[in-house]
Structures are given as C-alpha cells and as structure tokens.
Amino acid sequence: MLTNPIAALVVQEAVLFGHDKHYVLHAWVIMPTHVHLLLTPISTPLSQIMQRIKGYSSKEIQKRLGTPSRLWQPEYFDRWIRGGDHFERVLAYIEWNPVKAKLCLDPRHWTY
C-alpha cells in the first residue's frame, strides 16, 4: 500500500503533524512495506503517538483511495535508545534503509 505515492504522502503528513507538539522527530523513512521513526515523546505516551499516526493515516488513505483494506498491523516494534552511539547507529540505519533496499543510490534521493 505504501508504494502508492498518495498513501506515502498521507503517512508523511501524519508523522510530521505531531512533530514539536507530541514528540521531537529526529528521523523517519517511509518504505514500501513499513515505516521507521526515531522520535522522542514530549507530552504524549508512545502508544498514543502510534495510535494517532496509524489511525489518521488509515482513515485518510481509505478516504482518498477508496480502499477498505487494513493498512497497519495492530502492534508496533519499539526500542529504547541506549546512548549517543546507539542513537547515531539508528539514525544512520533509518537514513540508509532505502539504499540498502535498493530503492535509490543516495538517501537524499528518497522522497519519503
């Protein structure tokens, strides 16, 4: 579903909407089958952040594309960042994920 540019843009809108309101967004990438986010919650628990992103994007994609299919799995995978080195490794992993997946040659060329 996220291979559709409209769907990817909706997810992008949902992710960017909460930045500086509910969380600080450090890095993100929308892949064809999944999304990576590196964020620090500000005033909202991670579970609510994910619920808002997934809920809004699902409803909006269904509205714009007319597709009733389920977009997200009920759960999500999270990880605590253990320090500066770990943060930098995760940041690089997210940034270079489209290159590793052979979707582009340079992360600056990946739209989402």
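Trainee: Which helix is Ile49 found in?

Mentor: Ile49 belongs to helix α2. Keep in mind that we're looking at a predicted model.

Trainee: Why is Ile49 called buried?

Mentor: Buried means under 20% relative accessible area. Ile49 comes out at 2%, so it counts as buried.

Trainee: What does Ile49 touch, leaving out residues up to four places away in sequence?

Mentor: Ile49 touches His22, Tyr23, Leu39, Pro41 and Thr44. As for Val15, it sits 34 residues from Ile49 in sequence, and their C-alpha atoms are 9.2 Å apart.

Trainee: Which other residues of α2 are buried?

Mentor: Besides Ile49, the list has Met50, Ile53, Lys54, Ser57, Ser58, Glu60 and Ile61.

Trainee: How do you know that the span of α2 agrees with its 20 residues?

Mentor: Take 1.5 Å times one less than the number of residues. For the 20 residues of α2 that gives 28 Å, and the end C-alpha atoms are 28 Å apart, so the two agree.

Trainee: How do α1 and α2 cross?

Mentor: Two packed helices are described by the angle between their axes and the distance between the axes. Here the axes of α1 (residues 5-17) and α2 (residues 46-65) come within 9 Å and cross at roughly 145 degrees. The crossing is right-handed.

Trainee: Which residues make that contact?

Mentor: From α1 you have Ile6, Ala7, Val10, Val11, Glu13, Ala14 and Val15. From α2, the partners are Ile53, Tyr56, Ser57, Glu60, Ile61, Arg64 and Leu65. Sorted by type, the contact has 10 nonpolar residues, one polar and three charged.

Trainee: Which members of the largest nonpolar core touch the most other members?

Mentor: That core has 16 residues, and Leu2, Val11, Tyr23, Ile30 and Ile53 touch the most other members. α1, β1 (23-30) and α2 each supply at least two residues, and α1 gives the most, with six. Looking at Ile53 itself, and not counting residues up to four places away in sequence, the contacts are Ala14, Val15, Tyr23 and Leu37. There's also a second, separate core of six residues, including Val29, Met31, Leu38 and Val90.

Trainee: What makes Ile94 buried?

Mentor: The cut-off is under 20%. Ile94 has 3% relative accessibility, so it counts as buried. Ile94 is in helix α3, residues 84-100. Leaving aside neighbours within four places in sequence, Ile94 is in contact with Ala27, Trp28, Val29, His36, Leu37 and Leu38. Ala27 is 67 residues from Ile94 along the chain, yet their C-alpha atoms are separated by 6.9 Å.

Trainee: What about Asp20, is it buried or exposed?

Mentor: Exposed means over 50%. Asp20 has a relative accessible area of 57%, so it is exposed. Asp20 lies in the loop between α1 and β1.

Trainee: Why does Lys102 count as exposed?

Mentor: Set its 75% relative accessibility against the cut-off of over 50%, and Lys102 therefore counts as exposed.

Technical notes:
Residues numbered from 1 in each chain as written. Predicted model: local features only at pLDDT ≥ 70, side-chain atom pairs only at ≥ 80, totals over all residues. Heavy atoms only, no water. Axes fitted to C-alpha atoms, helices over the stretch in contact; angles between N-to-C directions. Helix = DSSP H or I, 4+ residues; strand = E, 2+ residues; numbered from the N terminus. Left-handed = near helix turned anticlockwise from the far one by under 90°. Contact = heavy atoms within 4.5 Å. Nonpolar A, V, L, I, M, F, W, Y, C, P; charged D, E, K, R; others polar. Core = buried A, V, L, I, M, F, W, Y, C linked by side-chain atoms within 4.5 Å. Buried < 20%, exposed > 50% of the residue type's maximum accessible area, 1.4 Å probe, protein only.
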